[in-house]
Amino acid sequence: MTKGIGNVDYIRQGSQVTVADQPNWSFLYQVSVVKPERYNVGDRVVTPDGRAFRLSKAGGTCNPEVGAYNPLPTIVNAVAPAQSVIQSPIQGQVIQAGALGSSVVTITKGAGSGVLGGGIVGLDELRGGYIVIGNGGGQHPQMRGIIGNPASPAGAASLDVWLDAPLTAAVTVGTTNIEAMPNPYSYLLADNAATGGMTFLGLPVVVATVGQYFWSQTWGPVWVTSDNNTGKIAGGRDVLFAANGSLVSMNATYACLQRAGVAVDSNVVGASNAPMVMLQITP
């Protein structure tokens, strides 16, 4: 297990280039089934003009024309099982999961747990996700980031999850409710088939297929397919994601959909403008 928190890279300003005169962020437009050695899913890169990107993994078709969404729900929501006693790498030391001050907790793992379901959880599969400990009635929730987990087969009933900060209250076996959520960028789809119940997390910058790693843009100037109603509404500066991940200008019909950002070009009433957007999902 390679535990760790997320990384953020701010690419240097100026005319820095690599060989063949390529800008030093050319890697953002590469796609592969092999995870980039330097990054983990959810890591962020910011270019000099303010565009922000997140390393993502495709759960299926991902196309640059529309917004990408993660269809996976919470992977576990159950009371705490017996907490593990873990042998530390330090000779003679042990770690008690779920104890006050501990940075590891043992969660119940149901038959449907895991990003792909079936109860199979891969090594560090939950890294970059989130966990809420004690969110039941009369309990006081502790939210933490997940920095790693061991691999776990389908038949295992529990799973140890490592946290980005220690617990400020101990876990009570059989009472403390624990809810775990996967890394939001770990299973993305951008297939023009989303429904109104989906949240769009970014725009793929290249075509990707299931199992491939790619980068999604989450902030800054970007072109997104529109439904020919971008910029047609008087004063329609705010731009929204329609149900399928394309863009529309905010109006009475679409007022409850997800905000994507603001239009970049000028507004002319009755004319559909280029769908160039100052994307504002997450910086």
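Trainee: Which residues touch the most other members of the largest nonpolar core?

Mentor: First, the ground rules. The model is predicted, so local features need pLDDT of at least 70 and side-chain atom pairs pLDDT 80 or more, while totals for chains, interfaces and linings use all residues. Numbering runs from 1 along each chain as its sequence is written, and side-chain values use heavy atoms, without hydrogens or water.

Now the core. Leu-28, Val-45, Cys-62, Leu-188, Phe-214 and Trp-215 touch the most other members, out of 22 residues in the largest nonpolar core. Such a core is a set of buried Ala, Val, Leu, Ile, Met, Phe, Trp, Tyr and Cys residues joined through side-chain atoms within 4.5 Å. Buried means under 20% relative accessible area, exposed over 50%, and partly exposed in between, with a 1.4 Å probe and protein chains only.

Which elements build it? Strand 3, strand 13 and strand 15 (213–223) each give two or more residues to this core. Strand 3 has the largest share, with four residues. Strands here are DSSP E runs of at least two residues, numbered from the N terminus.

Look at Cys-62. Leaving out residues up to four places away in sequence, Cys-62 touches Leu-188, Leu-189, Ala-190, Pro-204, Val-206, Val-207, Ala-208 and Phe-214. Contact means heavy atoms within 4.5 Å. Two of these partners, Leu-188 and Phe-214, are also on the list of residues that touch the most other core members.

There is a second, separate core. It holds 17 residues, including Val-105, Ile-107, Ile-131 and Leu-163.

Next, strand 12 (residues 177–181). Four of its five residues are buried, so the rest of the structure largely encloses strand 12. Strand 12 runs antiparallel to strand 5 (residues 76–79), and four bridges join them. There, Val-76 faces Ala-180 of strand 12. Strand 9 also pairs with strand 12 in the antiparallel sense, over four bridges. In that pairing, Ile-133 stands opposite Ile-178. Pairing requires at least two DSSP bridges between the strands.

Strand 3 (residues 52–62) also brings us to the largest pocket. It gives three residues to that lining, the most of any contributor. The pocket holds about 440 Å³ of space. Of its 20 lining residues, Val-41, Lys-57, Asp-124, Glu-125 and Tyr-213 are closest to the centre. A pocket is an open set of points on a 1 Å grid where a 1.4 Å probe fits, with protein on both sides within 12 Å along at least five of seven lines; lining residues have an atom within 4 Å of a point. Its volume is the space filled by probe spheres set on the points.

Asp-124 is buried, at 16% relative accessible area.

Asn-192 is not a glycine, yet has a positive phi of about 65 degrees. Its loop lies between strand 13 (188–190) and strand 14 (200–204). Asn-192 is partly exposed, with 46% relative accessibility.

Last, the second largest pocket. This one holds about 340 Å³. It has 22 lining residues, with Gly-6, Gly-42, Arg-54, Gly-128 and Tyr-130 nearest its centre. Strand 10 (residues 142–148) gives the largest share of that lining, three residues.
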